[in-house]
Amino acid sequence: MIGRLNHVAIAVPDLEAASAQYRDTLGAVVRPPQDEPDHGVTVVFIELPNTKIELLYPLGENSPIAGFLEKNPAGGIHHICYEVEDILAARDRLKASGARVLGSGEPKIGAHGKPVLFLHPKDFNGCLVELEQV
């Protein structure tokens with residue numbers, strides 16, 4: 001059901017410093033920041049030959065990333081994202097197997113302009129999982 005790894009998301013306390021580290025120290029291609037108000041984050045994508053890194057920074061007072069950074073002030077891995085061909089079929093299959101879909105259970109449009117869903121970390125070995133339709 002799941003396809004390739006789309007990205008690994010890392011919450012960061014300083015978006016500019018993290019972007020500079022990937023660009024200047026690691027020599028990666030770093031895209032400009034983009035605000036995602038529906039998700040309460042500003043994202044920066046780091047392009048790698050086989051996947052992407054998504055840097056997450058809080059946007060707005062109700063950002064879920066703000067709470068994550070309160071618990072993890074240095075930042076850290078927030079979630080992993082897998083690609084799926086049909087997000088509704090994937091959701092229905094996961095729910096039938098007992099997995100919990102976060103939020104309303106309906107896909108939202110993610111940072112790539114495609115439908116996404118998040119799965120409860122307690123159902124996936126402590127890891128928040130995002131599914132993105134390709």
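Visitor: Within what distance must a side-chain nitrogen of Lys or Arg lie from a carboxyl oxygen of Asp or Glu to form a salt bridge?

Guide: The model shown here is predicted. A salt bridge pairs a side-chain nitrogen of Lys or Arg with a carboxyl oxygen of Asp or Glu, and the limit is within 4 Å.

Visitor: What is the N to O distance in the salt bridge of Arg-31 and Glu-47?

Guide: Arg-31 belongs to the loop between strand E2 and strand E3, whereas Glu-47 belongs to strand E4, 16 residues apart. Their side chains meet in a salt bridge, with an N to O distance of 2.9 Å.

Visitor: Is Arg-91 buried or exposed?

Guide: The side chain of Arg-91 forms a salt bridge with that of Asp-92. Asp-92 is partly exposed, at a relative accessible area of 42%. Arg-91 has a relative accessible area of 12%, and a value under 20% counts as buried. Arg-91 is therefore buried.

Visitor: How many residues apart in sequence are the parts that Asp-123 and Arg-100 tie together?

Guide: Asp-123 and Arg-100 form a salt bridge, their closest N and O atoms being 2.9 Å apart. Asp-123 lies in the loop between E8 and E9 and Arg-100 in the loop between H3 and E7, so the parts tied together are separated in sequence by 23 residues.

Visitor: Which residue in E9 stands opposite Phe-118?

Guide: E8 and strand E9 pair in the antiparallel sense over four bridges. Within E9, the residue opposite Phe-118 is Glu-130.

Notes:
Residues are numbered from 1 along each chain as its sequence is written. This is a predicted model: local features need pLDDT of at least 70, side-chain atom pairs count only at pLDDT 80 or more; totals for chains, interfaces and linings use all residues. Side-chain values use heavy atoms; hydrogens and water are left out. Two strands pair if DSSP finds at least two bridges between them. Helices (H or I, at least four residues) and strands (E, at least two) are DSSP runs, numbered from the N terminus. Buried means under 20% relative accessible area, exposed over 50%, partly exposed in between (1.4 Å probe, protein chains only).
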